[in-house]
Amino acid sequence: MPVAASAIYFLNLRGDVLINRLYRDDVGGNMVDAFRMHIMQTKELGTCPVRQIGGCSFFYMRISNVYIVIVVSSNANVACAFKFVVEAVALFKSYFGGAFDEDAIRNNFVLIYELLDEIMDFGYPQNLSPEILKLYITQEGVRSPFSSKSSDKPVPNATLQVTGAVGWRREGLVYKKNEVFLDIVESVNLLMSSKGSVLRCDVTGKILMKCFLSGMPDLKLGLNDKIGLEKESQLKSRPAKSGKTIELDDVTFHQCVNLTRFNSEKTVSFVPPDGEFELMKYRITEGVNLPFRVLPTIKELGRTRMEVNVKVKSVFGAKMFALGVVIKIPVPKQTAKTSFQVTSGRAKYQASIDCLVWKIRKFPGQTEPTLSAEVELISTMAEKKSWTRPPIQMEFQVPMFTASGLRVRFLKVWEKSGYNTVEWVRYITKAGSYEIRC
């Protein structure tokens, strides 16, 4: 793995070094002079955050009135370096009461040096979790007078959390009511031709969780993905249950997920962090269930009139409904007057975006509302240019519906004390880039 940093510098806006730390001996202590001369004193400061000067690379980021500069001389992991900077700033803010600027650095030199020694070793990032570091770096920073005072609770078994694998959750949590909230949120991206054929379609989704569980629970999540069901049937030596299965692409997990168990059993097992977090992300490109189909008809009648007819059909079940549906139908810039007839919702012309905006607050399933509009255009003496029709755009939110067909088969919670839990599952599908050519 390439290193993330050979040295790190904290500079103010004038280029003065506030604090620095050398992690490797492959860069000199005066490398910041090259950054100040070739980058800060030129007009190229905000153009690119990665620059090469001589045989060294400089990665820099501005936070408030402070520049954080990382210097490396060998092949480096740039993404890891910037991720380290973001996590380090969040760590400093947790110690300083939410503030990170030149004054906060000057007031906390000793604490920052101590933290810099802990969070990186020989150019490789280490543990940057504020909850863990505060267990053995107990010095308090000089806080801003406007920051909220944190409540420090004693945490048992600190050594296990510092050296073990569960650094995202502390022990000793107790709740009167043990609950788990799980949201599956999907965004549908669609590009459809004027004849109704799908040109591009995919779904990006994420599973959000909010856990209020006592102790150190072990959770197991089962989904109706094809690989997981096939693996389960092999382990149990019985045929898989019939039903719709989906194939997940580009899956990424939170660090709490046991990847070894996922690779062997294809089940999502994890010890969750306390509170709200994003468990996983995924993408689906096949078998997408489109929530809406849009059938537009636009006729240009001469140079001064247009007729617009749009039918929107909801494909999801009749017992479901969509909320906040907005259909934006483009019209030429020289539009002078419009008149509408809609079977549901309200419509108006917005000159600022050159669109007819049709809004339906609550859109039931298996319905086909229509919009009919007459558009009058301003007649000009200049030669008329052909109007390139932009696509129709949609915004919506459909509760309890997933365009991918993803479903939670089970959510099991195990804890050694054996308490009962309440699980809540919710599905939401939103419009990403939902466009229909007209």
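This is a predicted model: local features need pLDDT of at least 70, side-chain atom pairs count only at pLDDT 80 or more; totals for chains, interfaces and linings use all residues.

Q: What share of the residues is buried?

A: Of the 438 residues, 42% are buried. As for the accessible surface, it comes to about 23300 Å², with 51% belonging to carbon and sulfur atoms.

Q: How many of the contacts join residues at least 24 apart?

A: If you take contacts between residues at least 6 apart in sequence, 70% of them join residues at least 24 apart.

Q: Let's look inside. Which residues have the most contacts inside the largest nonpolar core?

A: They are Ile207, Met209, Leu221, Phe270, Leu279, Phe292 and Val308, in a core of 63 residues. Strand β8, residues 179-192, gives the most to this core, with six residues. There is also a second, separate core of 37 residues, and Val72, Ala76, Ile119 and Leu128 are among its members.

Q: Can we zoom in on Met209? What does Met209 touch?

A: Leaving out residues up to four places away in sequence, Met209 touches Val180, Phe181, Leu182, Leu219, Phe270, Gly275, Glu276, Phe277 and Leu279.

Q: Now Val188. Is Val188 buried or exposed?

A: Val188 is buried, because its relative accessible area is 0%. This residue lies in strand β8. Beyond residues up to four places away in sequence, its contacts include Asp202, Val203, Leu290, Ala403 and Tyr434.

Q: How far apart are Val188 and Asn289?

A: In sequence, Val188 and Asn289 are 101 residues apart, while in space they are 9.3 Å apart, C-alpha to C-alpha.

Q: Switching to the outside: which residues form a nonpolar patch on the surface?

A: Phe109, Val110 and Tyr113 do, with about 270 Å² of accessible area together. Tyr113 is in helix α4, residues 109-119, and counts as partly exposed at 35% relative accessibility.

Q: Let's talk charges. How many salt bridges does the structure hold?

A: There are 17 salt bridges. In general, side chains of opposite charge can pair when their charged atoms come close.

Q: Nice. What does Arg21 form a salt bridge with?

A: Its partner is Asp117, and the closest N and O atoms are 2.7 Å apart. Arg21 lies in strand β2 (residues 17-22) and Asp117 in helix α4, so this pair ties together parts that are 96 residues apart in sequence. Arg21 is partly exposed at 26% relative accessibility, and Asp117 is partly exposed at 43%.

Q: And what about Asp183, which residue is its salt bridge partner?

A: That one is Arg426, with the closest N and O atoms 2.7 Å apart. The two link distant parts of the chain: Asp183 is in strand β8 and Arg426 in strand β23 (residues 422-436), 243 residues apart. Asp183 counts as buried at 17% relative accessibility, whereas Arg426 is partly exposed at 42%.

Q: Where do Lys333 and Asp354 lie?

A: Lys333 is in the loop between β16 and β17, and Asp354 is in the loop between β18 and β19. They form a salt bridge too, with the closest N and O atoms 3.2 Å apart. Lys333 is exposed, with a relative accessible area of 69%, but Asp354 is buried at 16%.

Q: Last topic, backbone angles. What is phi for Gln366?

A: Phi of Gln366 is near 60°, a positive value in a residue other than glycine. Gln366 lies in the loop between β19 and β20. Met400 also has a positive phi, of about 60°, although it is not a glycine. You'll find Met400 in the loop between β21 and β22, partly exposed at 41% relative accessibility.

Terms used. Residues are numbered from 1 along each chain as its sequence is written. Side-chain values use heavy atoms; hydrogens and water are left out. Buried means under 20% relative accessible area, exposed over 50%, partly exposed in between (1.4 Å probe, protein chains only). Contact means heavy atoms within 4.5 Å. Accessible areas come from the Shrake-Rupley method with a 1.4 Å probe; for residues, only the protein chains shown count as cover. A nonpolar core is a set of buried Ala, Val, Leu, Ile, Met, Phe, Trp, Tyr and Cys residues joined through side-chain atoms within 4.5 Å. Helices (H or I, at least four residues) and strands (E, at least two) are DSSP runs, numbered from the N terminus. Patches are made of residues with over 30% relative accessible area and no salt bridge: like charges are joined within 9 Å, nonpolar side chains (Val, Leu, Ile, Met, Phe, Trp, Tyr) within 5 Å. A salt bridge is a side-chain nitrogen of Lys or Arg within 4 Å of a carboxyl oxygen of Asp or Glu.
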